[in-house]
Amino acid sequence: MPRSVLQRQGPIAVAMAALVTVGVGLGLVLTNPSMEDYEEHAGEQLVAFLSSELCQGEGLPMVLQLWIRDCPGLVASQQAALADLAVNFTSRLNLGVVSLFTNKIGGQRLLPGLTLPEVEVLTLGVAGQFVLLRTVSDPGSLE
């Protein structure tokens, strides 16, 4: 190949790489999940978690198991309320191309001698998806 053709390909390759990088960055900015996206995600996750924890095995006391006929349906019907609750305890760090969602809930004293468990969940939002990064929990206390 003539030398002039090789010299022209270098700047073209750099320009193409820059164009691809800008395109990917712009795509990530446009698909960076919002707090509303996280609210929907959190509601779905809470329904799944509570359905498995409460509705299977010995999650509910026997009296409530006899009274509640469709536990998964009851939990699913509360998805909007659960999502709203979760987002009230969530902060978002928007980094442009990604967001970090930190949810801290619990630790409140319900009754004398009964403290709710504390849970902190760190979630990465990127390209319209959510990735759980860390979950830390303290089981609460019955004093």
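Modeller: In this predicted model, the count of salt bridges comes to one. It is formed by the side chains of glutamate 120 and arginine 134, with a distance of 3.0 Å from N to O. Glutamate 120 belongs to strand β5, which covers residues 118–126, while arginine 134 belongs to strand β6, which covers residues 129–138, so the pair ties together parts that are 14 residues apart in sequence. To ask whether these two residues are buried or exposed, we need the cut-offs, because buried means under 20% relative accessible area, exposed means over 50%, and partly exposed is what lies in between. Glutamate 120 has a relative accessibility of 23%, and therefore counts as partly exposed. Arginine 134, with a relative accessible area of 40%, is partly exposed as well.

Between the two strands that carry this pair there is a loop, and alanine 127 has its place in that loop between β5 and β6. Its backbone deserves a moment of attention, for alanine 127 has a positive phi of about 55° although it is not a glycine. As background, most residues other than glycine have a negative phi. Alanine 127 has a relative accessibility of 39%, so it counts as partly exposed.

Glu36, Asp37, Glu40 and Glu44 form a negative surface patch. One of these, glutamate 44, is found in helix α2, which covers residues 35–55, and with a relative accessibility of 39% glutamate 44 counts as partly exposed. The surface has a nonpolar patch too, formed by Leu26, Val29, Leu30 and Val97, which together have about 360 Å² of accessible area.

Although glycine 27 and valine 97 are 70 residues apart in sequence, their C-alpha atoms are 8.3 Å apart in space. Glutamine 78 has a relative accessible area of 39%, so it is partly exposed.

The secondary structure comes to five helices and seven strands, and when it is read along the sequence the pattern is α-α-α-α-α-β-β-β-β-β-β-β. Among the contacts in the chain with a separation of 6 or more, 47% are between residues 24 or more positions apart. Of the 143 residues in the chain, 20% are buried. The chain exposes about 9,900 Å², and 65% of this is supplied by carbon and sulfur atoms.

To return to your request, the part to look for is the pair of glutamate 120 and arginine 134, whose side chains meet in a salt bridge.

Notes:
Residues are numbered from 1 along each chain as its sequence is written. This is a predicted model: local features need pLDDT of at least 70, side-chain atom pairs count only at pLDDT 80 or more; totals for chains, interfaces and linings use all residues. Side-chain values use heavy atoms; hydrogens and water are left out. Patches are made of residues with over 30% relative accessible area and no salt bridge: like charges are joined within 9 Å, nonpolar side chains (Val, Leu, Ile, Met, Phe, Trp, Tyr) within 5 Å. Accessible areas come from the Shrake-Rupley method with a 1.4 Å probe; for residues, only the protein chains shown count as cover. A salt bridge is a side-chain nitrogen of Lys or Arg within 4 Å of a carboxyl oxygen of Asp or Glu. Lys and Arg count as positive and Asp and Glu as negative; His and the chain ends are not counted. The place of a charge is taken as NZ of Lys, CZ of Arg, CG of Asp or CD of Glu. Helices (H or I, at least four residues) and strands (E, at least two) are DSSP runs, numbered from the N terminus. Buried means under 20% relative accessible area, exposed over 50%, partly exposed in between (1.4 Å probe, protein chains only). Contact means heavy atoms within 4.5 Å.
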